[in-house]
Amino acid sequence: MLAPATPEERERFRFLQERFAQSYTEIFDDAKLPRSVLIVPSLSLDQQVMAKISGVHHYEERLLCLLLLLRMPRTRVIYVTSTPIHESIIDYYLHLLPGVPGQHARGRLILLSCDDASPIALTSKILSRPRLIERIKQAIPDTGSAHMTCFTVSELERRLALRLDLPIYGCDPSLAYWGTKSGSRKVFREAGIDHPAGFEDLADPVNVADALVELKAKKPRLRKAVVKLNEGFSGEGNALLDLEGAPERGSLMPWLRARLPHLAFEAKGMTWETFQEKLGSMGGIVEEFVPGQVKESPSAQLRVDPNGRVEVISTHDQVLGGRSGQIFLAAGFRRRSPIGSIFRKRVCKQRSYWRAKGLSAVSASTSSQSKKAIAGAIWQSRSICARAAPPIPSRCCSF
């Protein structure tokens, strides 16, 4: 397990981030200025949970949209992956560049690989390869006009940033809690946004059972509930509990404790033993299950830049499925959707709240039924560059 950052490391990282904030406006407002962007699409998340996701190794390709930064003539992009990306995929993205010859863009793109397909976070692989770190350093002519963009920002990414003397376009890892299920519920509650009834910061089966008893007391007609791991994604950390036939409150607790080991887990191969272990290490929440034949999930992507400015980049609706209703099956862009309109207003309402929390590179999403936004999650650790590209169709699942 990675040791927490020392006070000296935290101070150095703070200095890098403040330096980035000072130079951000000058560099990003002039497309002709030279800059280097290191892209590290590492999924520095729980590896056991990630292993349950089909095709998870392709997730490192999700930041390839940032190759469109190469449309700026003096921008250099260094993209690091666990295994090499097929040239045909790179060519696809480079052909999306408006008015930029592919050869010119390719000359400013440096692809580096660990040649390691093991189920370990990419950033860990990089940190264990001094020669690769030196190659990255050599690819960046001026660290003063460079930054690192990551899929997630954890202690691993902070450590890599310090090794490279680069700031990160993303949040300080100390803010990671606000990107968890528990943190997201608190954000929505404090910001006055509707969300499902439930409880957060649950650390063990006893907490979960207590929360379910309280939830059932608040909603006696509740037929299903969802238990979610704090750092689960793609719905893989979710489990459904059927409350049909549940007894009255007096005998509900022993009934629940007997049923918990038989939760309907969203992730294939997940067991109660593993789920219970993850609950103890990362915590979780309990929420009411929202019934309905069709569920739509209006989603908004926002950018909070290093200077605290918040900008709504896009919105779209998603259709949900899966046992717990949390897997995104399809996505379509509908700017004038009634649900999306409601959500956009509520997203704007939270701008000052996110700025006060010190979040940067934020994405928010919320689920709904009957044109009412009722659930949400904030992912403050996902780096987003709004100017990188227009929306690109993707067959990847959202998380």
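Predicted model: local features only at pLDDT ≥ 70, side-chain atom pairs only at ≥ 80, totals over all residues.
**View 1. Asp201 is an aspartate within strand 5.** The strand covers residues 198–202, and Asp201 is found in it. Phi of Asp201 is near 60°, again positive although the residue is not glycine. With a relative accessibility of 39%, Asp201 counts as partly exposed.

**View 2. Helix 1 meets helix 7.** Helix 1 is formed by residues 7–28 and helix 7 by residues 155–164, and their axes, which come within 10 Å, cross at roughly 70°. Because an angle from 65 to 115 degrees counts as roughly perpendicular, this is the term that describes helix 1 relative to helix 7. On the side of helix 1, the residues that take part are Glu9, Arg10, Arg12, Phe13 and Leu16, while helix 7 contributes Arg158, Arg159, Ala161 and Leu162. Sorted by class, this contact holds five charged and four nonpolar residues, with no polar ones.

**View 3. Helix 9 packs with helix 10.** The axes of helix 9 (residues 205–218) and helix 10 (residues 249–259) lie 10 Å apart, and the packing angle is about 140°. The two helices are therefore oblique to each other, and helix 9 passes helix 10 in a right-handed crossing. Helix 9 brings Val206, Ala209, Asp210, Leu212, Val213, Glu214, Lys216 and Ala217 to the contact, and helix 10 brings Arg249, Leu252, Met253, Leu256 and Arg257. Of the residues in this contact of helix 9 with helix 10, eight are nonpolar and five are charged, whereas no polar residue takes part.

**View 4. Two buried cysteines, Cys150 and Cys171, are shown**. Cys150 has a relative accessible area of 1% and is buried, and Cys171 is likewise buried, with a relative accessible area of 1%. A disulfide is a covalent bond between the sulfur atoms of two cysteines. The count of disulfides in this model comes to zero.

**View 5. The protein chain as a setting for the close-ups.** The chain contains 13 helices and 16 strands, and 53% of its 399 residues count as buried.

Note on methods. Residues numbered from 1 in each chain as written. Heavy atoms only, no water. Disulfide = S-S within 2.5 Å. Buried < 20%, exposed > 50% of the residue type's maximum accessible area, 1.4 Å probe, protein only. Axes fitted to C-alpha atoms, helices over the stretch in contact; angles between N-to-C directions. Helix = DSSP H or I, 4+ residues; strand = E, 2+ residues; numbered from the N terminus. Parallel < 35°, antiparallel > 145°, perpendicular 65-115°, else oblique. Left-handed = near helix turned anticlockwise from the far one by under 90°. Contact = heavy atoms within 4.5 Å. Nonpolar A, V, L, I, M, F, W, Y, C, P; charged D, E, K, R; others polar.
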